[in-house]
Amino acid sequence: MFAERCVGAPLLMPDSVARFTVSLAPELLASFDEVCAGKGYASRSEAIRDAIRDYLVAHRWDADGGGEEVVGTITLVYDHESRRTSDELLDIQHADHTHVLSTMHIHLDARNCLEVTVVRGTGAEVTALADGLISLRGVKFGRLVSATTGSGLA
Ligand code: NI
């Protein structure tokens, strides 16, 4: 069970904070505490702040029909022996080069490649780019991770 703040830890609170009460089932709170303790959070408040930030970032990607600027990563695992897949991945990234900031490529084994691409653009643009890459034949795993430019988050 979490104390609201870690005993003995320095009290590094912002100049002003808002406090609120949340009602939820005890089992849900117990599960939350268990996960947060496993992740090493010093307090329930810190875990809730991170959860709220995650929620806000996810919402930002959808806000105004995906019109706000976002950053993220697209992680792909694909079979490089399928030359068509490699060529198509490159073609898509070149065609959308203004949204591709950087790509890291790792040869996992003789056949499989891992590629992580950092992307920036509106939520709609970046999602469309990710969908185009992930849906290619030969891509075995694909995931778009929504991140944030950090602006507007406390
Ligand atoms: Ni490779």
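Visitor: Which protein atoms are the donors of the nickel ion?

Guide: In this predicted model, the protein donors are NE2 of His105, ND1 of His107 and SG of Cys113, and they lie 2.0 to 2.4 Å from the nickel ion.

Visitor: What spacing do the donors follow along the chain?

Guide: Along the chain, the donors of the nickel ion follow the spacing H-x1-H-x5-C.

Visitor: And His107, is that buried or exposed?

Guide: His107 has a relative accessible area of 62%, so it counts as exposed, the cut-off for that class being over 50%.

Visitor: What about Cys113, buried or exposed?

Guide: Cys113 counts as buried, because its relative accessibility is 2%, and buried means under 20%.

Visitor: Switching topic: at what angle do helix 1 and helix 2 cross?

Guide: The axes of helix 1, residues 26-39, and helix 2, residues 44-62, cross at roughly 95 degrees and come within 10 Å, which means that helix 1 is roughly perpendicular to helix 2.

Visitor: Which residues make the contact?

Guide: Helix 1 contributes Leu29, Phe32, Asp33 and Cys36, while helix 2 contributes Arg44, Ala47 and Ile48; by class, the residues of this contact divide into 5 nonpolar, 2 charged and no polar.

Key
Residues are numbered from 1 along each chain as its sequence is written. This is a predicted model: local features need pLDDT of at least 70, side-chain atom pairs count only at pLDDT 80 or more; totals for chains, interfaces and linings use all residues. Side-chain values use heavy atoms; hydrogens and water are left out. Donors are N, O and S atoms within 2.8 Å of the metal (3.2 Å for Na, K and Ca); water is not among the atoms, so sites may look incomplete. Buried means under 20% relative accessible area, exposed over 50%, partly exposed in between (1.4 Å probe, protein chains only). Axes are lines fitted to C-alpha atoms, for helices over the stretch in contact, and angles run from 0 to 180 degrees between N-to-C directions. Helices (H or I, at least four residues) and strands (E, at least two) are DSSP runs, numbered from the N terminus. Angles under 35 degrees count as roughly parallel, over 145 as roughly antiparallel, 65 to 115 as roughly perpendicular and the rest as oblique. Contact means heavy atoms within 4.5 Å. Ala, Val, Leu, Ile, Met, Phe, Trp, Tyr, Cys and Pro count as nonpolar, Asp, Glu, Lys and Arg as charged, and the others, Gly among them, as polar.
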